[in-house]
Amino acid sequence: MDFLNRVMGHKPKSAKNAKDRLQLVLINDRTDITPAVLDALQAELIEVISRHVDIDPSMVRIDVEHEGRSQRLIADIPLRSVPRRRAG
Amino acid sequence: MTTKVVTIASGKGGVGKTTAVANIAVALAQDGQKVICIDGDIGLRNLDVVMGLENRIVYDIVDVVEGRCRLRQAMIRDKRLPELFLIPAAQTRDKNAVSPSDMVRVCDELRQECDWVLIDSPAGIERGFRNTIAPADKVLIVTNPEVSAVRDADRVIGILEAEGKNDQGLIINRLNPSMVKRGDMLSVDDVLDLLAIELVGIVPEDENVIVGSNRGTPIVLDGKSRASQAFMNISQRLQGHKVPFLDLDEHDGLWSKLTKFARGGE
């Protein structure tokens, strides 16, 4: 849809804009977790986890998601695929 | 019936709290309920002019709290509806003249007198707001489908949650269906998605509201307009009746189909 709009030269609807912006602002307001806090958290998590497991730091994502009025911190940390050795 | 104390709050100013209080009060009184409104906005009183009772003020809420009059003396009877009363705010004092416990005491006394106490909260989240939520059994949050109003409503909801005031309802005021339809205004579903509390009413933008406040006649008093219907529906829902939400789109376009679908055809 966004793609179509761009091709047709339409601006995205302002209501969508408002909702997207509010979603981010409300998470900050409700939790005091600013993007800077998230960045710091991400850096430290990467450091700790890397000590034990082989991960690709560039793929790590940390986000606050909300469900109704409760928020949760979601960390998505893909493991680096280790080529498995075949027996024999 | 046990008396219910309902506070109407919003965080942001100018979203239509006072109009909502006046019209819901009139609608409840028209349904035969005895209603006492309290203007909680000390120093910036307005409920009196919106209700058209400004010329009859003798005593106010601060006089009651400071013992200069009895509660009954500060209750102005609305001559159009004998079961509707207003306790005005003081105009020459500030919010610190009243404390949350004063408000609880006054409301406990009013519980012996009526079916509903409706309190008009001031804008903001400071002392004046705290005063008005202290006695509340239920808090109605009024918002407009607009970023700053929704953000402030969310702050108010957060404070209410922290205070354990969990009986909350949302009124989305000044919705413009054609703007929603063309994607330039947050829809009811957008706002509900963001705020995630129970919906109690959707009030369309309506010029009659200003005409009514010009005259001191809340639109519900003589209204066939859609906004007055919306306020009457809110009054019904407060009384526990299931009332379908207004179909705000006369052409039954996509918007109304979508909202009906989202409401589960309610």
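Which residue of S7(B) does Leu140(B) stand opposite? A few notes on that and its surroundings.

1. This is a predicted model: local features need pLDDT of at least 70, side-chain atom pairs count only at pLDDT 80 or more, and totals for chains, interfaces and linings use all residues. Residues are numbered from 1 along each chain as its sequence is written, with chains lettered from A and ligands numbered from 1 in the order in which they are written.

2. Leu140(B) faces Gly169(B) in S7(B). S6 (138–143) and S7 (168–175) of chain B run parallel and share five bridges; strands pair if DSSP finds at least two bridges between them. Helices (H or I, at least four residues) and strands (E, at least two) are DSSP runs, numbered from the N terminus.

3. Chain B has an open, mixed sheet of eight strands, ordered S3-S4-S2-S5-S1-S6-S7-S8. S3 (76–77) and S8 (199–204) of chain B are the edges with a single partner strand each, so one side of each has no neighbour in the sheet.

4. H1 (17–30) of chain B lies across S1, S2, S4, S5, S6 and S7 of chain B, at about 165° to S5(B). Angles run from 0 to 180 degrees between N-to-C directions, with axes fitted to C-alpha atoms, for helices over the stretch in contact. H7(B) packs on the sheet too, touching S1, S6 and S7 of chain B, at about 165° to S6(B).

5. As for the interface, 14 residues of chain B are in contact with 15 of chain A (C-beta atoms, placed from the backbone, within 7 Å). On chain B's side, H7 (147–162) and H9 (188–195) each supply at least two residues, and H7(B) gives the most, with six.

Notes. Contact = placed C-beta atoms within 7 Å.
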